[in-house]
Amino acid sequence: MIDDRRAMAAAIALSDRGVGRTGVNPNVGCLIVADGRVVGRGWTQPSGRPHAEAMALAQAGKAAHGATAYVTLEPCAHLSDRGPRCSDLLVEAGVARAVIAMGDPDPRTNGKGIDLLRAAGILVETGLMEAEARAAMAGFFTRAALGRPHVTLKLALSLDGCIAMADGSSRWITGPEARAHAHVERARADAILVGRGTLEADSPRLDVRLPGLEARAPQPILLSHSADGLPEGWIHADSLEAVASLPLPGDRMLVEGGANVAATFLKADWVDRLLLYRAPVLIGAGRPGLGDIGLVDLPAAHGRWRRIDRRDFGPDSLEVYVTTARG
């Protein structure tokens, strides 16, 4: 038997399969359970269709009748030429109960999907594991709330906080295991951004070099006052405001450097998640990982970040932090 919390946790895990692949659509997960048995699994497919509910119901078939649907986001209620409304699909399938982690802020749905289900006699319960579901769909919710992408800042540092030697050379501070994980993070991003200094010093490809994931390279972006020397296929932005309005393929952005760009994002409170890779090396008179972030006093630095993960990659370590500014 599977209880509600385990089922919703599984739906959230399914939603993670769509990270970096669903475009501007939320990466939703759905689980259909009948008589304590999973009969359907779904997650938002590349480019946003089919939706998670459609995939799970198709797999469940007639077994969905009388079943419980666990969905990480309120089923859509707006008409689209790309596919049917998920609220209608759940009604037509005859599910008896829907457990929904959270409502959809999209004004085209925002409560209407839940109302449609209830009007059809489906028992609807909301709020289970809402925080976890929101974190799994962070790109969608950051765009909806703040009008910008969800930003992960990646820093690869020495023990003394340097990102490069004094002459700018930085290949490689971390080892192959840590770098491979960083490429997994690239594969989960829709866009990747560097500044002028990184472009000229490293000529980065910003692609994904892991077997089987090469096609999941994010959109490269250069943040610079000038577009001079912009590599083919890259997008140029001359300010953070310009970044917010770029026609990106989705809402998750990875920022990889350098120190001034990292400081710019932190100073503007545009960093939602931090990846701190640290190698057991000392550089000394190297280049620091950050420039001025506008800190006025030390007390203001405390309480801003919460660590959510720590792991080792060979001799290197990774710490993952999320901002506390937005809960």
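Predicted model: local features only at pLDDT ≥ 70, side-chain atom pairs only at ≥ 80, totals over all residues.
Visitor: What links Asp4, Arg97 and Glu125?

Guide: They are joined in a network of salt bridges. Residues are numbered from 1 along each chain as its sequence is written, and side-chain values use heavy atoms, with hydrogens and water left out.

Visitor: Why is the pairing of Arg97 and Glu125 called a salt bridge?

Guide: The term asks for a side-chain nitrogen of Lys or Arg within 4 Å of a carboxyl oxygen of Asp or Glu. In Arg97 and Glu125 the closest N and O atoms are 3.0 Å apart, so the pair qualifies. The two residues come from distant parts of the chain: Arg97 sits in strand 4 and Glu125 in strand 5 (residues 123–126), 28 residues apart. Strands (E, at least two residues) and helices (H or I, at least four) are DSSP runs numbered from the N terminus.

Visitor: What makes Arg97 and Glu125 a polar contact too?

Guide: Their side chains are joined at 3.0 Å. The rule is a pair of N or O atoms within 3.5 Å; within protein, one must be able to donate a hydrogen and the other to accept it, and residues adjacent in sequence count only if both atoms are side-chain atoms.

Visitor: How do you know whether Arg97 is buried or exposed?

Guide: Buried means under 20% relative accessible area, exposed over 50%, and partly exposed in between (1.4 Å probe, protein chains only). Arg97 has 17%, so it is buried. Touching here means heavy atoms within 4.5 Å.

Visitor: How many salt bridges does the whole structure hold?

Guide: A search finds 19. One of them joins Arg188 and Asp16, with the closest N and O atoms 3.0 Å apart. This pair spans 172 residues, from the loop between helix 7 (176–187) and strand 8 (191–195) to the loop between helix 1 (4–15) and strand 1 (29–34). Arg188, at 26%, counts as partly exposed, and so does Asp16, at 32%. Another bridge joins Asp312 and Arg310, again at 3.0 Å, N to O. There, Asp312 has 51% and therefore counts as exposed, whereas Arg310 has 43% and is partly exposed.

Visitor: What makes a set of residues a nonpolar core?

Guide: The members are buried Ala, Val, Leu, Ile, Met, Phe, Trp, Tyr and Cys residues joined through side-chain atoms within 4.5 Å. The largest core has 42 residues, and Met8, Leu31 and Ile32 touch the most other members. A second, separate core of 27 residues includes Val151, Ala242, Val271 and Tyr321. As for Leu31, its contacts beyond four places in sequence include Ile2, Ala7, Ala10, Leu14 and Val38.

Visitor: Which residues of helix 6 are buried, and what covers them?

Guide: In helix 6 (residues 138–146), the buried residues are Ala138, Gly139, Phe140, Phe141 and Thr142. Their cover includes helix 5 (130–136), strand 6 (150–157) and strand 11 (252–257). Just after the helix, Gly147 takes a positive phi of about 70°.

Visitor: Which residues other than glycine have a positive phi?

Guide: Among them is Asp35, with a phi of about 55°, in the loop between strand 1 and strand 2. At 79% relative accessibility, Asp35 is exposed. Asp269 has a phi of about 60° and lies in the loop between helix 10 (259–267) and strand 12 (273–278). With 28%, Asp269 counts as partly exposed.

Visitor: What kind of peptide bond joins Arg49 and Pro50?

Guide: A cis bond, with omega of about -5°. Pro50 is in the loop between strand 2 (37–43) and helix 2 (52–60).
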